[in-house]
Amino acid sequence: MMKLKSKRFCRSLSKLGNIGNKVVAPSPIEVEKECSEIKWELRPGGMLVQKRESNKSDEEMITIRVSTMSKWHDISIEATSTFGDLKLALSLVTSLEPKEQRLIYKGKERDDNEFLHMIGVRDKDKVLLLEDPAIKEMKLFGLARGESINNPCCTISV
């Protein structure tokens with residue numbers, strides 16, 4: 001996220017304190033409350049917008065339930081992460097490398113560079129994890145020929 005210089009905007013003194021014919025001068029604290037700096041943020045799509053005022057932390061964490069046909073995994077990840085980041089987190093839980101994974105959300109396979117919040121993934125949403133059929137076939141073909149599978153996680157010394 002980029003931080004940009006911002007301008008100060010203030011209300012005029014005429015709006016702050018007219019009581020009858022007298023103009024009441026505001027205190028410096030009231031002026032400071034009225035004059036506030038506008039904060040800007042750059043969204044992943046490239047749009048510059050005014051930053052929302054919220055009580056939530058800057059990086060909101062969401063929990064995504066990932067189904068791997070036989071098991072469920074609950075993954076906590078930042079809402080502004082990509083599907084590639086989700087694949088990296090899933091590679092720690094499952095034995096599949098990120099390039100071997102296919103993530104399906106709302107009936108569509110999602111690319112690694114797509115952002116979760118831009119697609120509409122919210123807290124407690126479900127994502128389907130499938131193994132890439134081409135890599136699965138290569139593994140089975142390699143096992144049928146008696147070749148070892150080159151996996152840096154599992155090495156067997158003879």
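Author: Let us begin with one pair in this predicted model: Lys87 and Asp112 form a salt bridge, and their closest N and O atoms lie 2.8 Å apart. The two partners come from distant parts of the chain, since Lys87 sits in helix α3 (residues 83-93), while Asp112 belongs to the loop between β10 (108-109) and α4 (116-119), 25 residues apart.

Reader: Is Lys87 buried or exposed, and what is the relative accessible area of Asp112?

Author: To read such values, one needs the cut-offs: a residue is called buried under 20% relative accessible area and exposed over 50%, with partly exposed in between. Lys87, with a relative accessible area of 4%, is therefore buried, whereas Asp112, with 41%, is partly exposed.

Reader: Which residues does Arg102 pair with, in the one case and in the other?

Author: Here the general idea is to follow a residue from one partner to the next. Arg102 forms a salt bridge with Glu109, where the closest N and O atoms are 3.4 Å apart, and it also forms one with Asp132, where the corresponding distance is 3.0 Å. Through shared partners, the salt bridges join Arg102, Glu109 and Asp132 into one network.

Reader: How do the relative accessible areas read for Arg102, Glu109 and Asp132?

Author: Arg102 is partly exposed, with a relative accessible area of 23%, and Glu109 is likewise partly exposed, at 47%. Asp132, in turn, has 10% relative accessibility, and because the limit for buried is under 20%, it counts as buried.

Reader: How many salt bridges are found in the whole structure, and what is the secondary structure around them?

Author: A search of the whole structure gives six salt bridges, and the secondary structure of the protein consists of five helices and eleven strands. Of its 158 residues, 23% count as buried.

Reader: What share of the contacts joins residues 24 or more positions apart, and what does the accessible surface come to?

Author: Among contacts with a separation of 6 or more, 54% are between residues 24 or more positions apart. The accessible surface of the protein comes to about 12400 Å², and carbon and sulfur atoms account for 53% of that area.

Key: Residues are numbered from 1 along each chain as its sequence is written. This is a predicted model: local features need pLDDT of at least 70, side-chain atom pairs count only at pLDDT 80 or more; totals for chains, interfaces and linings use all residues. Side-chain values use heavy atoms; hydrogens and water are left out. Helices (H or I, at least four residues) and strands (E, at least two) are DSSP runs, numbered from the N terminus. Buried means under 20% relative accessible area, exposed over 50%, partly exposed in between (1.4 Å probe, protein chains only). Contact means heavy atoms within 4.5 Å. Accessible areas come from the Shrake-Rupley method with a 1.4 Å probe; for residues, only the protein chains shown count as cover. A salt bridge is a side-chain nitrogen of Lys or Arg within 4 Å of a carboxyl oxygen of Asp or Glu.
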